[in-house]
Amino acid sequence: MPPVDHLQTIPPAGSPTERRNRLLRVLGVGFGLAVIIGNTIGAGIFRTPGAIAQQLPNPWLFLGVWIVGGLYALLGAVALAELGTMIPRSGGQYVFARYALGEYAGFIVGWSDWISTCGSCAAVSLVIGEFAGALFPALAGKDVSVAATVAIVFAILQWRGIVLGSQVQNVTSLLKTLAFFALIAAAFILGGTTSAAATAPAASVASGSALLVAVIIALQAVIYTYDGWSGVIYFSEEVKDPGRDVPRSLFGGVLLVIGIYLLVNLALLYVLPLSKIAGQDFAAGIAAQVIFGRHGDTIFRSLTILSMLSAINAYHLMATRVLFAMSRDGLFMRQAARVNVGGTPSIALLASAIVAVLFIVFGKTFEKVITVLAFFFVANYALSFVSVFVLRRREPAKDRPYRAWGYPWTTALALIGSVAFLFGAMASDLRSGSRDSIYAVCLLAASYPVFRVLKSLRPESHKSGG
């Protein structure tokens with residue numbers, strides 16, 4: 001398959017169109033780390049430990065799946081670092097899939113990524129609305145209004161430009177990181193006054209095939225919680241030195257997330273017995289009550305809101321870049337490829353914010369859409385890993401500022417892990433009686449006619465490749 005030359009859709013440097021539509025190359029490693037932290041660490045680290053402890057009521061297995069999930073993210077970062085430096089264009093994995101595998105693959109990755117990111121923004125905003133109502137009685141029962149307001153405020157901040165948007169990301173992610181380390185330190189300093197964690201009887205662990213199923217279910221939850229580690233690749237075109245800064249951001253961000261997740265879970269085990277963590281929707285909230293007494297719930301909810309703010313900013317930034325890239329390539333209206341003087345694709349931001357607010361307002365109606373689209377996120381990673389193999393074979397001489405360490409073995413391991421995750425998710429889905437994976441396959445089948453229609457409607461200048 002010949003490469004899709006998506007660079008041809010970018011006007012020549014210095015032209016009036018280029019000056020209006022150019023993203024600004026102003027980002028560095030600090031932003032790369034901030035957007036990975038902001039995009040990855042959210043409500044998942046508070047929700048997931050309870051589900052994992054229920055599946056694996058053994059401290060070593062409980063911690064082991066977090067390590068395995070972190071290794072999967074690290075192997076993925078090794079592969080995506082090569083693609084992000086080889087094809088330094090903003091837009092995330094859509095860019096890689098389109099360039100290596102053709103326009104239809106890019107269409108699937110781009111649209112599923114954009115819609116699910118807008119949906120994630122809505123879901124996180126609703127958590128803020130719910131927790132704000134618990135902290136401030138005047139806001140009780142106004143979850144939707146608070147959520148929509150928060151989403152709109154962050155969109156307005158980004159409208160000013162990427163410099164302000166990146167500064168907001170840096171500050172909110174730094175505050176989140178400091179807050180997590182403060183909570184972890186408090187757990188080890190103040191949480192050891194009870195011996196419940198040490199004296200609680202150990203629950204029995206399944207064996208044989210039952211244990212294998214439990215490990216697979218736990219790993220699925222962990223991989224979902226690690227999702228977001230690729231955040232910097234959405235901005236490769238805006239990074240000042242992508243050949244150096246993209247790999248540093250990916251590896252530094254992934255290692256930071258692994259460290260925080262392991263420390264949080266160690267802190268939970270230090271404060272609470274595993275049996276007390278098991279089944280809890282927010283195990284960290286229970287731990288906070290043990291550590292801080294009657295102030296624990298307030299502290300936990302405040303920390304959660306703080307964590308969510310950086311996530312909302314990251315979601316807006318990322319969704320905007322995906323839609324911008326697709327519009328530039330003719331897979332959405334051309335106007336969404338326009339960039340304002342501050343370096344923000346303003347129409348793409350507006351469209352992303354509107355979709356996020358619609359998800360907030362009609363949350364129950366669209367919740368199923370997000371659940372189905374979640375099936376695609378590991379599939380998108382798998383296509384990116386396949387892209388590494390395709391491009392190594394098709395374009396061996398192309399400049400690669402960073403070459404994937406351990407290729408082909410590390411990339412193959414990441415790909416095998418992704419495929420195993422997808423089969424495990426489908427099997428678990430069918431076993432539970434859910435039809436989400438079937439809906440995802442049907443959505444995939446229905447997407448091709450839509451792709452052909454969009455392709456037939458776009459201007460001649462975009463009709464190449466694919």
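This is a predicted model: local features need pLDDT of at least 70, side-chain atom pairs count only at pLDDT 80 or more; totals for chains, interfaces and linings use all residues.
View 1. Around it you'll find Leu 183, Ile 184, Ala 187, Val 264, Ala 267, Leu 268, Ala 284, Ala 287, Ala 288 and Ile 291. Helix 8 (162-190), helix 11 (242-271) and helix 13 (283-292) are the elements that each put two or more residues into this lining. Helix 13 supplies the largest share, four residues.

**View 2. The second largest cavity has a volume of about 30 Å³.** Its lining is made up of Gly 69, Tyr 72, Ala 73, Ile 223, Tyr 226, Asp 227, Trp 229, Phe 377 and Tyr 381. Two or more of these residues come from each of helix 4 (59-86), helix 10 (208-226) and helix 17. Helix 4 gives the most, with three residues. Sorted by class, this lining has seven nonpolar residues, one polar and one charged. And how many cavities of 30 Å³ or more turn up in a search of the whole structure? The search finds two.

**View 3. Helix 6 (residues 103-135) packs with helix 17 (residues 376-394) at an angle of about 140 degrees.** The axes of the two helices are 10 Å apart, and their crossing is left-handed. From helix 6 come Ile 108, Val 109, Ser 112 and Asp 113, which meet Phe 376, Asn 380 and Leu 383 of helix 17. Tally up the residues of this contact and you get four nonpolar, two polar and one charged.

**View 4. Arg 89 and Glu 237 form a salt bridge.** Side chains of opposite charge can pair when their charged atoms come close. Here the closest N and O atoms of Arg 89 and Glu 237 are 3.2 Å apart. Which parts of the chain does the pair link? Arg 89 sits in the loop between helix 4 and helix 5 (93-101), while Glu 237 is in the loop between helix 10 and helix 11. These are distant parts of the chain, with the two residues 148 residues apart. For the structure, the count of salt bridges comes to twelve.

**View 5. Tyr 407 and Pro 408 are joined by a cis peptide bond.** Most peptide bonds are trans. For the bond between Tyr 407 and Pro 408, omega is about 5 degrees. Where does Pro 408 lie? Look in the loop between helix 17 and helix 18 (409-431).

Technical notes. Residues are numbered from 1 along each chain as its sequence is written. Side-chain values use heavy atoms; hydrogens and water are left out. Axes are lines fitted to C-alpha atoms, for helices over the stretch in contact, and angles run from 0 to 180 degrees between N-to-C directions. A crossing is left-handed if the near helix is turned anticlockwise from the far one by less than a right angle, and right-handed if clockwise. Contact means heavy atoms within 4.5 Å. Ala, Val, Leu, Ile, Met, Phe, Trp, Tyr, Cys and Pro count as nonpolar, Asp, Glu, Lys and Arg as charged, and the others, Gly among them, as polar. On a 1 Å grid over the protein atoms alone, a cavity is a set of points where a 1.4 Å probe fits but cannot get out, and a pocket is an open set with protein on both sides within 12 Å along at least five of seven lines; lining residues have an atom within 4 Å of a point. Grid points are joined across faces, edges and corners, and a volume is the space filled by probe spheres set on the points. A salt bridge is a side-chain nitrogen of Lys or Arg within 4 Å of a carboxyl oxygen of Asp or Glu.
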